[in-house]
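Here is a briefing on a protein model and its ligand.

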Amino acid sequence: MINRTFTMIKPDATEKGSTGGILQMINAAGFKIVAMKMTHLSKEKAGEFYAVHSERPFYGELVEFMSRGPITAAILEKDNAVEDFRKLIGATNPANAEEGTIRRKYAASIGENAVHGSDSDENAAIEGSFFFSALEKF
Ligand code: GDP
C-alpha cells in the first residue's frame, strides 16, 4: 500500500554537507518527496518534537543537538514507506547499522545519527503535520 513517512536530515549531517548525498539515497531507494523544507528548530520546538523521550537520560543532549543548527524536514511517499525507510536508515547506533544504510554511511554516533525516520504510520502523520501545513504537502 502506498503510504507516507516523515524524515529529518539532522544538524550533524547538515553541518557536514551530507544533505545532497542523503537525498540522493532516498530518491534512489524509490521514495518520492511530497514535502520538504530547511528549518532550524528552537530548543522549545525540538523538545516538543521529542517529548516522548522526555524521561530518557539523553533527552537534554538530544534537544541541544537537534536545535544546534539547520535541519531538512521532508515527507516521503512509497509503498510500505514507514518500514522501508527504517530499513534504509539503519539502526539507531551507526555501529550496528548495516552496509548500504544511510546511518552506516553518514552517522557518527548513537546521538548524532544523521537522520530521523518515523516508527509508525500514526507518528508519520503527526510528525509531518508538526512541520507542514496541508498547503505544503503535495
Ligand atoms: P530512532 O527511532 O532510531 O531515531 O531512535 P530512538 O527513537 O530510540 O531515539 C530518538 C533519537 O534520540 C535517536 O535517533 C538519537 O538521535 C537519540 N538517541 C537515542 N539514544 C541515544 C543515546 O543513548 N544517547 C544520545 N545522546 N542520544 C540518543
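**Ligand site and fold**

The side chain of E61 places an N or O atom 2.7 Å from a nitrogen atom of the ligand, a polar contact (a pair of N or O atoms within 3.5 Å). The model is predicted: local features need pLDDT of at least 70, side-chain atom pairs count only at pLDDT 80 or more, and totals for chains, interfaces and linings use all residues. Residues are numbered from 1 along each chain as its sequence is written, and side-chain values use heavy atoms, with hydrogens and water left out.

- N113 has a polar side-chain atom 2.9 Å from a ligand oxygen atom.
- For R103, a polar side-chain atom lies 3.1 Å from an oxygen atom of the ligand.
- Alone, the ligand exposes 550 Å², and the protein buries 80% of that (Shrake-Rupley method, 1.4 Å probe).

**Shell**
- The residues around the ligand (a heavy atom within 4 Å of it) include K10, H53, R56, F58, L62 and R86.
- T92, I110 and G111 are also among them.
- The shell divides into three nonpolar, four polar and five charged residues, with Gly counted as polar and Asp, Glu, Lys and Arg as charged.

**Fold**
- The protein has seven helices and four strands (DSSP runs: H or I of at least four residues, E of at least two).
- Along the sequence the pattern is β-α-α-β-α-α-β-α-α-β-α.
- The C-alpha trace spans about 35 × 35 × 25 Å along its principal axes.

Note on methods. Polar contact = N/O pair within 3.5 Å; in protein donor to acceptor, adjacent residues only side chain to side chain.
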